[in-house]
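This briefing covers a few local features of one protein model. Please keep the sequence and the structure in view while reading.

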Amino acid sequence: MAIQDAVLTNAAVQTGLIDASALPPLRIQARREQCSLIDMLCRTGHFPVSALFRAIAEQFSLPYLERCEFQLAPSLLDSLNGTLLLRRLFLPVMVADDVVVLVADPDNRAALDTVQRTVNRPVTLAMAEPLLIETELRRHYAVPDTELTAIALFDWIMCEGWLRKATDLHFEALEQGMQLRMRVDGRMQNCHFPLHQALAEALMSRLKVLAGLDIAEQFNAQDGGFAYRIQRWSGMAEIEMRVATLPTRWGERATLRILGQETASLGLAALGMPPAILAAVQQAVRQPHGMLLVTGPTGSGKSTTLYAALRELDAQQQNIMTVEDPIEQIVEGISQVQVSDKLSFAAALRSFLRHDPDVMLVGEVRDHETAETAVRAAMTGHLVLSTLHTNNAASTVSRLVDIGCARFLIAGTLIGVLAQRLLRRLCTHCQREVPADAQQLRLLQLSEPMMLHEPVGCARCMGSGYRGRVGIYEMLLLDPSLSQLIHTGANDHELARAAQQSGALSSLWQDARDKVLTGVTSLQEALLLYQDSDDGKF
C-alpha cells in the first residue's frame, strides 16, 4: 500500500530532515525536472527515501526494524495470500516470541487485523523500509519483478549509494539471485531489492560493460573502472568508480569503489587533526626534501590525507607529480600518473626524476624497489609523500627495514610519520548525555564525574546514532636523536618510548580520548583502537 507523498513530506519537516521554508522552491524545481517531490527532497537533503519512513516511525512512536532484528515465519506466510500481502505491502514476522506486522504505512490497520485473525493472538505493528518488505515477500512467494531492467536497477543502486554516502558497493552472488550491500561510514549495510537470477545476471553484465571488462570471462578476476552520471537526475556530476570482479561458488561477485565522494575539496584543516599535529603536518609538507609517510590499515583515509596535503602546496610555484593506483581524485595543476601493467610505482618514480619535480606522491610503498627509489629520491633533494600499511607510527621504521631499506637511508630522509584511523561521528541531532560509570572513568583516566555522549539513532542518521566519520591521528616527528636511534637499530618500542619522552610522538588513543570528551565520537567507537593495537594496550 503506497503511502501519500504529503505524509512523507510532513514527516521530513517534523523530524528536521528538511526545513519547511525549502519546500516551495523544491516543488518548483521538481516540476521543472519532471520528478517527484520526494525524489527532490532526498536529493537535496542527501538522504535515502528509507530515512523518510524512519521519520514516520518517529512521528507515530512505532519501532522501525532492520532485517537483522526479526525472523521470518514461513508457516505463517504460507497461511496468508501472497498477492494480498504484496498489494497491501505488509509482512508478518517474529521478534523473539511475538508476532509483529511490518508495514510501510502506519495507517494500514487492515494488515494488523488480517494477521491477528490468522494467528488468533495479539500482534503489534512496526515500520520497515518498503523495499525490505517487498524483497522478503517476493523471495518467499517466488514472485519475480519482470518489468525491471538491469539499466534502471543499476541507476537506482548508484542513486542509493550516493544518497547514503557509500564508499563501496558490493554485488554478491547467491545460490538464487544476488545480494546488494553498501559500506557506509565504515560499516556494511544491506541494500534491499528483489533480485531474481535472470536480473542478477543481467546486472552483472551491465557492470562489466560499463567497466570495459570481458563479459564472456566468468572464471578469472578482472579489474576496471568507469565514470557514471546518475540518469534520473539532471545536472549531476560524474561519479568515478573502480571495479573488481571475482568468481565465487555461486557465480561472479563485483565490488565497486566510489572514488573521492565527499572528500574531493578537503584541506588538512578540515580533517579534524589536533592543532599540534595539523601544524606539524603543514610544516612537513613545506619541507624542501625528505619523506613524509601516512600509515594505517586499508580504509583509514590515508589517500584523503595525502590529497589534502597536496592542496596545501602551490602547484603554480612547484612541479608536483603523483603515481597512483588508481587515481582517486583529480587535483588541478599537478601531473597524475596511473599505475599499469607496463608502468610500476618504481618505474614511474625513476621517470619522475627526469622531469625536474619538487614534490612526488607515491600512492603506496609496496615493495623493495619502490621503497628504495622513494628513499633515494627524498635524499637527492625532493619531497616524497606516500602511504604504508602499519598499525602505528613507530612500527613504520621496522616495516621499511623489512621491505629492504637501509637504516641509514631511513634515518637520513624520514621527516615524520602520520598514523591514522577513522571513527564514526556521533549524530549531533540525537546523541544524548549520560554519566560515565566507574569503568569508563578509569578507561578515560578521569578522577572526577563526567558526562559522556552516546548514540541513540534517528531518521537523520538512519538509526545508527552516527553520521559521518572523523580522523584519529598520531604523529611521529623525527629529530636528530630519533634519527640516530633508527640508524643504530632501535626497535619499535625503544623508538616509541624515546619519542614519547621527548614529546615527538602523540598517540592515537590520546586523540580518540579528546574526541570522546568533547562529544565528537563515543567511547564505544574509541575502544575500537584497543582492539586494533598490536599488544592489546592503549
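The model is a predicted one. A sheet of six strands is open and has antiparallel pairing, and a search of the whole structure finds one cavity of 30 Å³ or more. Helix α4 is largely enclosed by the rest of the structure, because eight of its 10 residues are buried.

**The six-stranded sheet**

- The strand order is β7-β6-β5-β10-β9-β8.
- The edges are formed by β7 (187–190) and β8 (222–228), each of which pairs on one side only.
- On average, neighbouring strands of this sheet are turned by 25 degrees against each other, direction ignored.
- Strands β5 (residues 168–173) and β6 (residues 178–184) run antiparallel and are joined by six bridges.
- Within this pair, L169 is found opposite M182 of β6.

**Helices on the sheet**

- Helix α9 (residues 150–164) lies across β5, β6, β7, β8, β9 (239–248) and β10 (251–258).
- The direction of α9 is at about 25 degrees to β6.
- Helix α10 (residues 197–210) also packs on the sheet, where it touches β5, β6, β8, β9 and β10.
- The directions of α10 and β10 make an angle of about 50 degrees.

**The cavity**

- The largest cavity holds about 30 Å³ of space.
- Its lining consists of I157, L169, H170, F171, L180, R181, M182 and C191.
- Strands β5 and β6 are the elements that give two or more residues to this lining.
- Six of the lining residues are nonpolar, one is polar and one is charged.

**Helix α4**

- Helix α4 spans residues 50–59.
- The buried residues of α4 are S50, A51, L52, F53, R54, A55, I56 and A57.
- These buried residues pack against α1 (5–14), α3 (37–45), β4 (124–127) and α8 (130–141).
- After α4 comes S61, which has a positive phi, near 55 degrees.

**The loop residue A436**

- A436 sits in the loop between β17 (432–435) and α17 (438–443).
- The relative accessible area of A436 is 14%, and the cut-off for a buried residue is under 20%, so A436 counts as buried.
- Apart from neighbours within four places in sequence, A436 is in contact with L441, M450 and L452.
- A436 and L452 are 16 residues apart along the chain, and their C-alpha atoms are separated by 5.9 Å.

Methods:
Residues numbered from 1 in each chain as written. Predicted model: local features only at pLDDT ≥ 70, side-chain atom pairs only at ≥ 80, totals over all residues. Heavy atoms only, no water. Buried < 20%, exposed > 50% of the residue type's maximum accessible area, 1.4 Å probe, protein only. Helix = DSSP H or I, 4+ residues; strand = E, 2+ residues; numbered from the N terminus. Contact = heavy atoms within 4.5 Å. Pairing = 2+ DSSP bridges. Axes fitted to C-alpha atoms, helices over the stretch in contact; angles between N-to-C directions. 1 Å grid on protein atoms, 1.4 Å probe; cavity = no way out; pocket = protein on both sides within 12 Å on 5 of 7 lines; lining within 4 Å. Points joined across faces, edges and corners; volume = space filled by probe spheres on them. Nonpolar A, V, L, I, M, F, W, Y, C, P; charged D, E, K, R; others polar.
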